[in-house]
Amino acid sequence: MTTPAGELLAGEIRRNGPVSFRRFMEVALYHAEHGYYRRAQRAPSDPFGKHGDFFTAEQIQPVFGILMAARIRQLYREMGEPREFTVVELGAGRREMAEAFSEWRYIPVDLDSGRLPEKFRGVVFSNEFFDALPVEVAVYRDGAFLEQRVAFEDGRFRWQTGGAVHEEVEQYLRRWFPPPEEGRWYEANLEALGWMERIGRALESGYALTVDYGYTRAESVRFPAGTLMGYRRHMAREDVLEDPGERDITAHVNFTALEECGAACGLRRERFETLARTIVTVGEGDQFAAALNSAPAEELRRRMQLKTLLFGMGETYRVLLQRRERAGEPGEKSLK
Ligand SMILES: C[S@@+](CC[C@H](N)C(=O)[O-])C[C@H]1O[C@@H](n2cnc3c(N)ncnc32)[C@H](O)[C@@H]1O
């Protein structure tokens with residue numbers, strides 16, 4: 001017995017053989033009817049809450065929104081307070097940032113709503129967007145990156161090692177990981193590169209402000225089994241194949257890939273730091289008064305949220321700030 005999304009995948013596998021993990025993740029999370037995030041928009045059993053098995057909106061809002069808005073206000077000032085200023089949020093989900101970002105023209109982008117404008121000035125914000133994009137999975141064996149595909153046997157999804165990965169995946173893995181090691185698992189997030197390119201094209205001036213779970217090239221050595229996680233955020237790559245459509249799946253973000261791909265698209269890294277560092281930077285000016293100031297009962301709740309942000313998420317989530325190079329500045333070059 002599997003789930004409705006599982007039935008679809010099993011049918012596809014019966015017809016055409018094992019599927020790529022990217023395809024598995026795409027159906028499991030985003031199938032129009034049975035994908036986890038599509039069901040999130042309908043089901044009363046709130047998968048968005050579940051996603052946060054770790055940190056739910058309840059635990060971090062409104063303080064997270066207030067602090068991120070304060071960061072964006074700093075960026076707005078650094079840009080000289082332009083008259084035209086738009087905040088685009090990628091993967092806006094339930095639009096929990098809408099109120100915090102209401103002082104600007106705000107465009108929430110998600111699967112069926114909102115679009116990255118063709119040209120604009122402002123900030124592209126995202127929180128846990130890149131880690132939800134479908135990834136390719138590979139294992140390094142006998143001198144080659146081999147594709148880890150998903151098969152269906154005896155009523156269960158199982159990993160199956162296929163042939164050499166696609167050239168684009170190979171390039172990604174050679175470029176943004178240290179020299180490969182026998183037996184290690186790797187993930188390639190080609191969709192993330194596509195989004196960086198789109199942001200680079202669309203942003204005339206301004207910043208990309210990305211908050212996510214992830215690692216740099218050098219830090220990736222800590223994850224010999226890759227970083228796929230089921231919604232309970234256990235490091236169990238088998239779990240991610242269970243109950244497709246009923247659990248979240250994430251892959252940590254390779255920030256070196258975002259940074260270097262961004263640089264090739266005219267987005268220069270300004271800062272890369274922990275979320276705790278960003279929060280302290282925006283909050284220290286007024287001792288967090290703007291975030292905490294409220295009725296006494298509410299203030300206590302907000303203090304707890306700030307604590308969660310600083311000590312719970314703060315050290316594991318990273319913030320990448322990239323600035324759109326102005327015309328004439330060095331920056332854009334081909335990745336090829
Ligand atoms: C992990 S959720 C994060 C939601 C929200 N930012 C938060 O922090 O709670 C990832 C979001 O990205 C959206 N998403 C995934 N792929 C997308 C795509 N190609 N275009 C737009 N949104 C996408 C999902 O629908 C989902 O709402």
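Helices (H or I, at least four residues) and strands (E, at least two) are DSSP runs, numbered from the N terminus. This is a predicted model, in which local features need pLDDT of at least 70, side-chain atom pairs count only at pLDDT 80 or more, and totals for chains, interfaces and linings use all residues. Residues are numbered from 1 along each chain as its sequence is written, and side-chain values use heavy atoms, with hydrogens and water left out.

Q: Which loop holds proline 62?
A: A cis peptide bond, with omega about 15°, joins glutamine 61 to proline 62. Proline 62 lies in the loop between helix 5 (57-60) and helix 6 (63-78).

Q: What is the phi of aspartate 142?
A: Aspartate 142 sits in the loop between strand 5 (136-141) and strand 6 (144-153). Although this residue is not a glycine, its phi is positive, at about 50°.

Q: Which residue has a polar side-chain atom 2.8 Å from an oxygen atom of the ligand?
A: A polar contact is a pair of N or O atoms within 3.5 Å. A polar backbone atom of glycine 91 is 2.8 Å from a nitrogen atom of the ligand, while an N or O atom in the side chain of aspartate 110 is 2.6 Å from a ligand oxygen. The residue with a polar side-chain atom 2.8 Å from a ligand oxygen is asparagine 127.

Q: How much of the ligand's accessible area does the protein cover?
A: Accessible areas come from the Shrake-Rupley method with a 1.4 Å probe. On its own the ligand has 600 Å² of such area, and the protein covers 88%.

Q: At what angle do the axes of helix 10 and helix 12 cross?
A: Axes are lines fitted to C-alpha atoms over the stretch in contact (heavy atoms within 4.5 Å), and angles run from 0 to 180 degrees between N-to-C directions. The axes of helix 10 (residues 275-283) and helix 12 (residues 296-313) come within 8 Å and cross at roughly 145°.

Notes
A polar contact is a pair of N or O atoms within 3.5 Å; within protein, one must be able to donate a hydrogen and the other to accept it, and residues adjacent in sequence count only if both atoms are side-chain atoms.
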